[in-house]
Protein chains: 2
Amino acid sequence: MTLALDAAAQDLLFREARTANTFSDEPVGDEQIQAIYELVKFGPTAFNQQPLRIVLVRSDDARARLVQHMAEGNQAKTSGAPLVAILAADNEFHEELPTQLPHFPQAKDMFFSERSVREASATLNGALQAAYFIVGVRAAGLAAGPMTGYDAAGINKEFFADGEHSVLAVVNIGKPGEDAWFPRSPRLAYDEVVTTV
Amino acid sequence: MTLALDAAAQDLLFREARTANTFSDEPVGDEQIQAIYELVKFGPTAFNQQPLRIVLVRSDDARARLVQHMAEGNQAKTSGAPLVAILAADNEFHEELPTQLPHFPQAKDMFFSERSVREASATLNGALQAAYFIVGVRAAGLAAGPMTGYDAAGINKEFFADGEHSVLAVVNIGKPGEDAWFPRSPRLAYDEVVTTV
């Protein structure tokens, strides 16, 4: 009652959406990923920074190079998903910041000249963008299977030779298959999460 | 066309939603925040961990204690918003993990016994949850004004005396006021963000 978002959209994005562990054979096209991006690119970040980078793993060779770095329990589903996306933060995102924040181009040098500060900002804001992307996958009527069980250093070296990117999550994408999920695990109650001062 | 989410919901959550810098006087009730939480609590995280904590700043005293730690450019809007929420990661989230991940209670000790690992995980997954919360604020028909311009150590000490929480963002919440936003700043093009291997 209290929400402006219609109930079907609530279900699609949150209430009935689940992390899929198996997928059907139906392919996921580039036009679907582009539609997702064109929607979720508007999600807010600090200074309008956009550190998120998305690598779509489509070739057999790239899939094999990725799977070897996944935790054992994630290898079968990473092998079987119609599409796998590597979500990473570009720690040199500040280079393009002046074009993305035209009213305050000084922000690049005022706030992001130190690598450690940049990297923390890329991680935080890249994670916000990763969440928007996951919501977007669901908005496309697809199931997302985000994973963080992998050798991060291995993936970074394998897919980002410049040393400037940090993987945030690997996401299986597709239509759910048979027995795609476990029963939903509990969530913390409102009073365990929210306090008022 | 390609998305399952209806166009009105796309607009509400992403396309027409904007980061508000001014707000109307209309109050934001606890029942609205609870409705938001009951929706976005279902957003996925690694191991179903739920590090996000939300502090609703309602008293004048707490508002003043918060505003003093905000960057100068954020003080007026933090003072004027109908409601301000501090979003923080609980770096000791693993304590409740066995009850939130009942099929794999060993995860607590297998993966999160080291503080540095826990803290990185709380930051990443807390940021995912913060993004889901921002989407939820928009789903409630409200504008969110997330900010990271503040003295983080000051806020952590002021509002989380246990030393176990790290602020992720401070979010102004309400109906937008007059001249609530700048023109939208540019987003990176699809080809600048997405590559295929």
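This is a predicted model: local features need pLDDT of at least 70, side-chain atom pairs count only at pLDDT 80 or more; totals for chains, interfaces and linings use all residues.
Local features need pLDDT of at least 70, side-chain atom pairs count only at pLDDT 80 or more, and totals for interfaces use all residues. Residues are numbered from 1 along each chain, and side-chain values use heavy atoms.

**Exercise 1.** Describe the extent of the interface between chain A and chain B.

*Solution.* Begin with contact, defined as heavy atoms within 4.5 Å: chain A contributes 74 residues and chain B 74 residues. Next, take the buried area, the accessible area (1.4 Å probe) that two parts lose on being put together, summed over both. This area is about 6,500 Å², with 69% given by carbon and sulfur atoms.

**Exercise 2.** Determine which residues of H2(A) are buried and what covers them.

*Solution.* Buried means under 20% relative accessible area (1.4 Å probe, protein chains only). The buried residues of H2(A) include Gln32(A), Ile33(A) and Tyr37(A). Their cover includes S1 and H7 of chain A, together with helix H1 (7-15) and helix H9 (190-193) of chain B.

**Exercise 3.** State how S1(A) is joined to S5 of chain B.

*Solution.* Two strands pair if DSSP finds at least two bridges between them. Here three bridges join S1(A) to strand S5 (residues 194-196) of chain B, and the strands run parallel. Within this pairing, Ile54(A) has Val194(B) as its bridge partner.

Terms used. Chains are lettered from A and ligands numbered from 1 in the order in which they are written. Helices (H or I, at least four residues) and strands (E, at least two) are DSSP runs, numbered from the N terminus. Buried means under 20% relative accessible area, exposed over 50%, partly exposed in between (1.4 Å probe, protein chains only).
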